[in-house]
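Me: I would like to learn how to read a structure like this one, feature by feature. Could you take me through it?

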Amino acid sequence: MRKRIRHFFFPSTIGARLFRIVLSVYLVIAFAVTMVLVVEEVLSAKDAVVHTISIYEKSVANTLGGALWNMDDEDLGFLAQGMLELPEVYGVVIRDGQTKATIIKVGWIQGAGGKTEFVSPSRKQANGSSLYWYSKLFHLEFPVRYAHELGTEELGTVTIYSSSQVVLERVWGRIALIMAGAFIKTLATWFVFLYFNRRILSEPLSAFVRAVEGVDLEHAKDSSIRLEMPGDNELTDLRDSFNSMLARLQEETEAKDQYAQNLEELKEELEKRVQERTRQLEEKNLKLELLSKTDQLTGLYNRRHLEEVLRYEIKRCERYNHALSLILLDLDYFKRVNDTYGHDVGDRVLSDVAATLRRHTRQSDVIGRWGGEEFLILAIETSKEFANSLAENLRNELQKNKHNQAGCVAGSFGVAEYQPGDDVIALIKRADMALYAAKAKGRNRVEIC
């Protein structure tokens with residue numbers, strides 16, 4: 001019994017030894033590769049968290065700079081709590097740039113000596129969320145700047161804390177899949193190698209031994225048996241006949257390989273042609289799609305695309321009760337520019353205005369040319385108060401721009417916020433009414449309806 005057990009775990013056959021060596025090497029390599037994949041997933045997830053936090057910080061940078069310029073603690077607290085709503089954010093600290101004093105701190109942060117502490121209530125605490133034992137805070141620090149007429153001034157910093165808990169929660173499922181995949185691959189490799197080891201090595205060797213010991217001619221048909229016998233006798237004749245058969249088989253195999261190679265080359269050539277044709281079609285489709293929703297003069301979205309986006313955002317407001325504001329801009333006395341300097345100058349003015357709108361709006365804002373000298377900005381998830389501030393900022397920026405021939409071109413702004421029951425026509429109509437009110441009150445101003 002002991003001998004059988006020993007033979008099972010430590011077999012003496014060449015095939016079994018080879019199997020044990022190959023399997024051991026594969027397990028080491030598979031473990032190393034799996035660990036590399038796990039580390040790569042964790043690092044990738046952390047980079048994604050950092051990227052998300054950076055994008056959100058950029059979206060609130062202007063508002064945060066304005067609140068810090070005005071030293072509005074209420075707005076700063078509101079913005080900090082808003083940032084804390086992100087699942088990636090665990091804490092926020094806002095510091096003054098000159099005194100380095102802390103103005104606002106909420107959520108989980110690193111206190112003195114790097115010790116983690118919870119400084120104020122938040123939604124995460126209310127929902128019962130907390131830091132687990134394996135969690136470790138890390139932070140990103142961004143400068144807070146405010147742009148005014150004299151330039152840009154750095155007012156302080158905002159430090160946003162996240163946790164390795166977020167990273168691990170993102171990759172738990174992927175790590176489990178990697179582990180499961182590694183286990184399945186190892187099991188499959190074990191069975192495949194065991195099968196081919198037995199088929200290619202163990203059985204042919206056994207057949208060779210039987211053929212040499214028993215001179216069983218029936219085994220001569222097995223192409224994996226080679227009988228190398230000295231002298232001229234029946235066995236050498238069998239060996240020569242078998243070798244001749246192997247030579248013919250080799251010729252047929254080479255012919256088949258050549259045919260398969262030619263077929264593979266034709267297949268690759270056909271695939272290249274199909275890929276090239278597909279690429280050309282995709283490029284043309286992209287150009288057509290871009291032309292269908294872009295204004296050719298300004299490069300902004302055209303009216304048709306703006307209406308599609310507006311309908312979609314109104315449906316989101318109805319479903320999720322989000323805020324949505326609309327800013328309608330009309331350039332003041334633009335007809336004089338065309339009549340005085342010509343339409344070429346007017347077109348350049350429109351292009352410059354479009355560039356100004358791009359530079360001074362947020363990434364979440366949708367900008368387009370509504371028609372003629374009218375532009376529309378769709379401020380998604382934005383109240384009319386914030387939209388009014390955005391419009392005032394745009395109005396100031398327009399006044400700063402001096403065109404080569406036309407000089408300064410001002411604009412009137414109308415702001416309207418989505419109300420339950422509004423459709424596209426109703427919302428645009430109220431923004432249009434606000435725009436007319438701005439025109440009636442002397443132009444170059446912002447009105448809210």
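Reply: Gladly, and let us start with residue classes: Ala, Val, Leu, Ile, Met, Phe, Trp, Tyr, Cys and Pro count as nonpolar, Asp, Glu, Lys and Arg as charged, and the others, Gly among them, as polar. This is a predicted model, where local features need pLDDT of at least 70 and side-chain atom pairs count only at pLDDT 80 or more, while totals for chains, interfaces and linings use all residues. Residues are numbered from 1 along each chain as its sequence is written, and side-chain values use heavy atoms, with hydrogens and water left out.

Me: How do the residues lining the largest pocket divide into those classes?

Reply: Rolling a probe the size of a water molecule over the atoms shows where empty space is left. On a 1 Å grid over the protein atoms alone, a cavity is a set of points where a 1.4 Å probe fits but cannot get out, and a pocket is an open set with protein on both sides within 12 Å along at least five of seven lines; lining residues have an atom within 4 Å of a point. A volume is the space filled by probe spheres set on the points, which are joined across faces, edges and corners. Here the largest pocket holds about 2000 Å³. Of its 50 lining residues, Ser59, Val60, Asn62, Thr63 and Arg362 are the closest to the centre. The lining divides into 17 nonpolar, 19 polar and 14 charged residues. Helix H11 gives the largest share, 11 residues.

Me: And which residues line the second largest cavity?

Reply: They are Phe19, Val22, Leu23, Tyr26, Thr189, Trp190 and Phe193. Helices H2 (14-59) and H6 (164-214) each give two or more residues to this lining; helices (H or I, at least four residues) and strands (E, at least two) are DSSP runs, numbered from the N terminus. By class, 6 of the lining residues are nonpolar, 1 is polar and none is charged. The space inside is about 30 Å³.

Me: What is the strand order in the open sheet?

Reply: Strands of a sheet pair through backbone hydrogen bonds, either parallel or antiparallel. The rule used here is that two strands pair if DSSP finds at least two bridges between them. The 5 strands of this open sheet run in the order E7-E8-E6-E11-E12, with mixed pairing. E7 and E12 (446-448) are the edge strands, each pairing on one side only. Inside the sheet, E6 (residues 324-331) and E11 (residues 411-417) are antiparallel and joined by 7 bridges, with Ile327 opposite Val415.

Me: Is E7 mostly covered or mostly open?

Reply: Buried means under 20% relative accessible area, exposed over 50%, and partly exposed in between (1.4 Å probe, protein chains only). E7 (residues 366-371) is mostly covered, as 5 of its 6 residues are buried. It forms a hairpin with E8, with 2 residues between them, and Gly372 in the turn has a positive phi of about 60 degrees. The antiparallel pair is joined by 5 bridges, and Val366 stands opposite Leu378.

Me: Which residues does Lys439 contact beyond its sequence neighbours?

Reply: Contact means heavy atoms within 4.5 Å. Leaving aside neighbours within four places in sequence, Lys439 touches Asp330, Leu331, Asp332 and Ser412. Lys439 belongs to helix H12 (residues 424-440). With a relative accessible area of 18%, Lys439 counts as buried.
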